[in-house]
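Q: Please walk me through this structure, starting with its charged pairs.

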Amino acid sequence: MVATLVWSEALSLSMPAMDDTHREFVDLLAAVQQAPEAQVVEAWQALLAHTEDHFGREDRWMLATGFAPGNCHATQHAVVLQVMREGMARGQQGELEPIRQIAHELALWFPHHAQSMDAGLALHLKSMGHDPVTGELPYPRNAVTLDASAAASAPTT
């Protein structure tokens, strides 16, 4: 039996930028799960491209706001992307079962990830006043600078 993930308010983080991205992830994952064999690789490529952007954006937010350096959230992103890329390579060789299995596992994994890892990130971003659309951070003293030269010259306390 295939675990199909459907968007619900239980996945909402009350942060539109994250919720919209998560809705798109859920929709693209469903497209992979429902794709006929001839369209599986194309649907997987769309999900992979979305997920690279999605995780990259969250990773940048974590870095910009000083969210738990060395955290397992970014590590989960890296591991999931690696597995998805391996699935893509296999799919391009005509092996569709690995993609189907990974899609099944993602449908089981994602709700937990969103409700734990992403919920924690959303709370952190809100507490920092971070605007995920503009990148504005009204409380920069609490954040990590992305400019290495500025970081080198910043006073230490």
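A: A salt bridge is a side-chain nitrogen of Lys or Arg within 4 Å of a carboxyl oxygen of Asp or Glu. The model is predicted, so local features need pLDDT of at least 70 and side-chain atom pairs count only at pLDDT 80 or more, while totals for chains, interfaces and linings use all residues. Residues are numbered from 1 along each chain as its sequence is written, and side-chain values use heavy atoms, with hydrogens and water left out.

Q: How many salt bridges does that rule give?

A: The count comes to 4 salt bridges. In general, side chains of opposite charge can pair when their charged atoms come close.

Q: Which residue does Glu95 pair with?

A: Glu95 forms a salt bridge with Arg90, and their closest N and O atoms are 2.7 Å apart.

Q: What about Arg23, which partner does its side chain meet?

A: The side chain of Arg23 meets that of Asp20 in a salt bridge, at 2.9 Å from N to O. Both residues belong to helix α1 (residues 16-34), and because they are 3 residues apart there, about one helical turn separates them. Helices (H or I, at least four residues) and strands (E, at least two) are DSSP runs, numbered from the N terminus. Arg23 is partly exposed at 30% relative accessibility, and Asp20 is partly exposed at 46%.

Q: And Glu52, what does it pair with?

A: Glu52 forms a salt bridge with Arg85, with 3.1 Å between the closest N and O atoms. Glu52 lies in helix α2 (residues 40-65) and Arg85 in helix α3 (residues 72-92), so the pair ties together parts that are 33 residues apart in sequence. Glu52 is partly exposed, with a relative accessible area of 31%, and Arg85 is partly exposed at 38%.

Q: Stepping back, how many helices and strands are there?

A: The protein has 5 helices and 0 strands, in the pattern α-α-α-α-α along the sequence. Of its 157 residues, 43% are buried.

Q: Do α1 and α2 run roughly parallel or antiparallel?

A: Their axes come within 9 Å and cross at roughly 155°, and α1 and α2 are therefore roughly antiparallel to each other. Axes are lines fitted to C-alpha atoms, for helices over the stretch in contact, and angles run from 0 to 180 degrees between N-to-C directions. Angles under 35 degrees count as roughly parallel, over 145 as roughly antiparallel, 65 to 115 as roughly perpendicular, and the rest as oblique.

Q: Which residues meet there?

A: Residues of α1 including Phe25, Leu28, Leu29 and Val32 meet residues of α2 including Trp44, Leu47, His50 and Trp61. The residues of this contact divide into 12 nonpolar, 5 polar and 3 charged. Here Ala, Val, Leu, Ile, Met, Phe, Trp, Tyr, Cys and Pro count as nonpolar, Asp, Glu, Lys and Arg as charged, and the others, Gly among them, as polar.

Q: At what angle do α2 and α4 cross?

A: The axes of α2 and helix α4 (residues 97-128) cross at roughly 25° and come within 12 Å. The two helices are therefore roughly parallel to each other. Their contact holds 16 nonpolar, 4 polar and 3 charged residues.

Q: Turning to the loops, where is Ala35?

A: Ala35 lies in the loop between α1 and α2. Ala35 is buried, with a relative accessible area of 9%. Leaving aside residues up to four places away in sequence, Ala35 touches Val40, Ala43 and Arg100. Ala35 and Arg100 are 65 residues apart in sequence and 9.8 Å apart in space, C-alpha to C-alpha.

Q: And where is Gly66 found?

A: Gly66 is in the loop between α2 and α3, and counts as partly exposed at 26% relative accessibility. Gly66 and Leu125 are 59 residues apart in sequence, with 9.9 Å between their C-alpha atoms.

Terms used: Buried means under 20% relative accessible area, exposed over 50%, partly exposed in between (1.4 Å probe, protein chains only). Contact means heavy atoms within 4.5 Å.
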